[in-house]
Amino acid sequence: MHILVVEDEPKMARMLRRVLTEERHTVDLAQDGAVGLDLAASNTYDLITLDLMLPVFDGLEICRQVRAMDVTSPILMLTARGSLEDRVKGLNTGADDYLVKPFAMEEFLARVNALLRRRERSIDASTELYVADLSLNLLRHEARRGGRIIDLTAKEFALLEYLMRHPGQVLTRTQIIDRVWRYDMDTLSNVVDIYIHYLRDKIDQGSPKALIKTVRGIGYKIEG
């Protein structure tokens, strides 16, 4: 999963990034409110962890602005201010959960995982996915681009579904293998490249714009 951590205290920021990376998440780190707001507005994140007290913009202002932009990523607010009034204010501004410092990393990960599961259930409820003029109907197991039906194997369909559930998000080869092949084997990394090649041949054939992009040294993403 792709997670944004907005935290200005260097030691805490390093610790959060380390424990999330150990759980195989991709982590972006912002150490002030302006950078955090810019990243949250310009990327698709599976989760945002947001400190309340930040330079430039505080956590409440970031939360307020990203919700006004219709950013739907779950927000876990982290703060030393644990009064009932503070918690209610954070939740009413648009946060999904609130964790008071200091906290155990086990509880932090448990709350992260709960929010990610909730987001996955919400995404899984969709029966049709869209990126630009590409559509994927999960009930009919059918892909179309510009009205053209695209014949996909089961594995190609699963790979395309995973990409389309995370539009604009860079997915690493490891993430793709874990989700689509459900193996943890370095030897499969070239299989991802092969199947991406298959998808490109089928999806972008005869279309003026390529939808599947390579992000050198990281992985792949799909965007219009």
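1. Basis of the values. The model is predicted: local features need pLDDT of at least 70, side-chain atom pairs count only at pLDDT 80 or more, and totals for chains, interfaces and linings use all residues. Residues are numbered from 1 along each chain as its sequence is written, and side-chain values use heavy atoms, with hydrogens and water left out.

2. The sheet. Five strands make up an open sheet with parallel pairing, in the order β2-β1-β3-β4-β5. The edge positions belong to β2 (26–30) and β5 (97–100); each has a single partner strand, so one side of each is left without a neighbour in the sheet. From one strand to the next, the twist averages 20 degrees. Helices (H or I, at least four residues) and strands (E, at least two) are DSSP runs numbered from the N terminus, and two strands pair if DSSP finds at least two bridges between them.

3. Strand β1 and helix α3. Strand β1 (residues 2–6) runs parallel to β2 and is joined to it by five bridges. Within this pairing, V6 stands opposite A30 in β2. Helix α3 (residues 59–68) packs on the sheet and touches β1, β3 and β4 (75–79), its direction making about 170 degrees with that of β4. Axes here are lines fitted to C-alpha atoms, for helices over the stretch in contact, and angles run from 0 to 180 degrees between N-to-C directions.

4. Residue D51. D51 lies in strand β3 (residues 47–51) and is buried, with a relative accessible area of 5%. Buried means under 20% relative accessible area, exposed over 50%, and partly exposed in between (1.4 Å probe, protein chains only). Beyond its neighbours within four places in sequence, D51 is in contact (heavy atoms within 4.5 Å) with residues including V6, G59 and K101. The side chains of D51 and K101 are joined by a polar contact of 3.1 Å; such a contact is a pair of N or O atoms within 3.5 Å, and within protein one must be able to donate a hydrogen and the other to accept it, while residues adjacent in sequence count only if both atoms are side-chain atoms. An unreviewed UniProt entry places "modified residue: 4-aspartylphosphate" at D51; UniProt annotations may be inferred rather than shown by experiment.

5. Residue K155. K155 is located in helix α6 (residues 154–164) and is partly exposed, at a relative accessible area of 29%. The side chain of K155 reaches the backbone oxygen of V180 at 3.3 Å.
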